[in-house]
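Let's take a walk through this structure together.

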Amino acid sequence: MILDLFRLDGKVAMVTGPGTGLGQAIAIGLAEAGADIVGVYRESFQETQQAVEVLGRRFLPIQADLSQTTPGDLQGLVDRAVTEMGHLDILVNNAGIIRRTPALEFSEADWDEVMQVNLKSAFFLAQAAARHFVSRTDIPEGRSRGKIINIASMLSFQGGILVASYTASKSGLAGITRLLANEWAPHGINVNAIAPGYMATRNTEPLRRDPQRNPAILARIPAGRWGEPEDLKGAAVFLASEASNYMHGAIVPVDGGWLAR
Ligand code: NAD
C-alpha cells in the first residue's frame, strides 16, 4: 500500500548538522517515519538526540568539523556509522554555512570555508556513503540501495546578492546532485536535493532582522510567511523513502512559491 512505502522502519539515516534549524527538523522527521539517526555534528546534538530517542529510535552522535575533514575522514564517518548501526541507507547533506560580504571585498578565507563545508565535504561524504550502498548484498531486487538528499537553496537557481561563495557552493551542489544521479541511478541509488526557500533559522537571522530585506523578502513569498524547519519534513521523508525510487537528480523546491513568482 502506498503509505507503507513512505515508512522508514529499519533504515538508518546520517544527517549532517542535526543540532539546529533544518537539519534538526529533518532528523526528527526521518525518525518520526521510523529511521534511526546518525548525527554528524560540530557543536550540538543533545536536543535532537532526546527528540529522536523519545520516538523509540536510536541516535548515534559523531563529532566532525566539516571545514577540516579530508575524504579519508569522511569515509571514516560512514565506516563508523555502519559498524555501530549495522548499515546505512540514507545520507542527508545538510550542514552548511554562509558568509555575507560584497563581491568586491570577498576574502579567500570566506570563499574556501564555505566551499569546503557546503560542497567538497558534501561530495566526499556522498562518495563514502555510495561506496557502502554499492557494496551491500542484502537489498532485494526493486528496492533502493541508498538515498542521498542534498540540501540546496534558492541560490542553486538564482544569483543572490553578497553571498558569492554560498551561491557558488549551492549552484555546484545542484550540479553535483545531477551528476551523481546520472552515475549512480544504474546502481539503484537515488540522489536528489531539496531547495528550501527562505526559512526561519540561524542562517537567515541577519535577513530577518534587516528592516529593508525582511519585508522585501516576505512580500515576494506567495505563501506570505517565512518557512519553518518543519515544512521540510514531508519532502525529506519522501526523498528518503521507497516512495521516491524513480526520482533521480531532482532539485525539489520547498519555498512557499518563491520560484513560481
Ligand atoms: P543552521 O546554521 O541552523 O544550521 C547549519 C548546520 O550546519 C548547523 O547544525 C551547524 O552545526 C552545521 N555546520 C556548520 N558548519 C559546520 C562544520 N564546519 N562542521 C560540521 N557541521 C557544521 O542553518 P540552517 O538554515 O538550518 O541550514 C541548514 C542547511 O540549509 C544549510 O546547508 C543551509 O545552507 C541550507 N539552507 C537554509 C536556508 C534557510 O533559509 N535557512 C535556505 C536554503 C538552504
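Where is the place of Ile151? Ile151 belongs to strand β5. Before going further, some ground rules: this is a predicted model, in which local features need pLDDT of at least 70 and side-chain atom pairs count only at pLDDT 80 or more, while totals for chains, interfaces and linings use all residues. Residues are numbered from 1 along each chain as its sequence is written, and side-chain values use heavy atoms, with hydrogens and water left out. As for the element names, helices (H or I, at least four residues) and strands (E, at least two) are DSSP runs, numbered from the N terminus.

Back to Ile151, which counts as buried because its relative accessibility is 3%; buried means under 20% relative accessible area, exposed means over 50%, and partly exposed is in between (1.4 Å probe, protein chains only). Setting aside residues within four places in sequence, Ile151 has contacts (heavy atoms within 4.5 Å) with Ile26, Val92, Asn93, Asn94, Lys170, Leu173, Ile194 and Pro196. Leu22 is 129 residues away from Ile151 in sequence, yet the two C-alpha atoms are 9.1 Å apart in space.

An N or O atom in the Lys170 side chain is 2.9 Å from a ligand oxygen atom. Tyr166 places a polar side-chain atom 2.6 Å from an oxygen atom of the ligand, and for an N or O atom in the side chain of Thr201 the distance to a ligand oxygen is 2.5 Å. These are polar contacts, meaning pairs of N or O atoms within 3.5 Å; within protein, one atom must be able to donate a hydrogen and the other to accept it, and residues adjacent in sequence count only if both atoms are side-chain atoms. How much of the ligand does the protein bury? Taken alone, the ligand exposes 810 Å², and 97% of that is buried by the protein (Shrake-Rupley method, 1.4 Å probe; for residues, only the protein chains shown count as cover).

There are 28 residues around the ligand (a heavy atom within 4 Å of it), and Glu43, Leu66, Asn94, Tyr166 and Thr201 come nearest. Helices α2 (21-32) and α6 (164-184) are the elements that give two or more residues to this shell.

Now for helix α9 (residues 233-240). It is largely enclosed by the rest of the structure, because 6 of its 8 residues are buried. Those buried residues are Lys233, Ala235, Ala236, Val237, Leu239 and Ala240. The elements covering them include α2, β4 (90-93), β5 (146-151), β6 (189-196) and β7 (251-254).

Ser244 is buried, since its relative accessible area is 1%. Its side chain reaches the backbone oxygen of Ser241 at 3.0 Å. Beyond its neighbours within four places in sequence, Ser244 is in contact with Lys147, Asn190, Phe238 and Leu239.

Next stop, helix α5 (108-135) and the loop that links it to β5. Val117 sits in α5 and is buried, because its relative accessible area is 9%. Its contacts, again leaving out neighbours within four places, are Leu66, Ser67, Ala95, Gly96, Ile97 and Ala122. Val117 and Ile97 are 20 residues apart in sequence, with 7.1 Å between their C-alpha atoms. Arg136 lies in the loop between α5 and β5. Buried or exposed? Arg136 counts as buried, because its relative accessibility is 9%. A polar atom of its side chain lies 3.3 Å from the backbone oxygen of Leu88. Not counting residues up to four places away, Arg136 touches His87, Leu88, Asp89 and Arg145.

Two last places to look. Leu162, in the loop between β5 and α6, has a positive phi of about 75° although it is not a glycine. Leu162 is partly exposed, because its relative accessible area is 39%. Arg213 lies in helix α8 (residues 213-220) and counts as partly exposed, because its relative accessibility is 29%.
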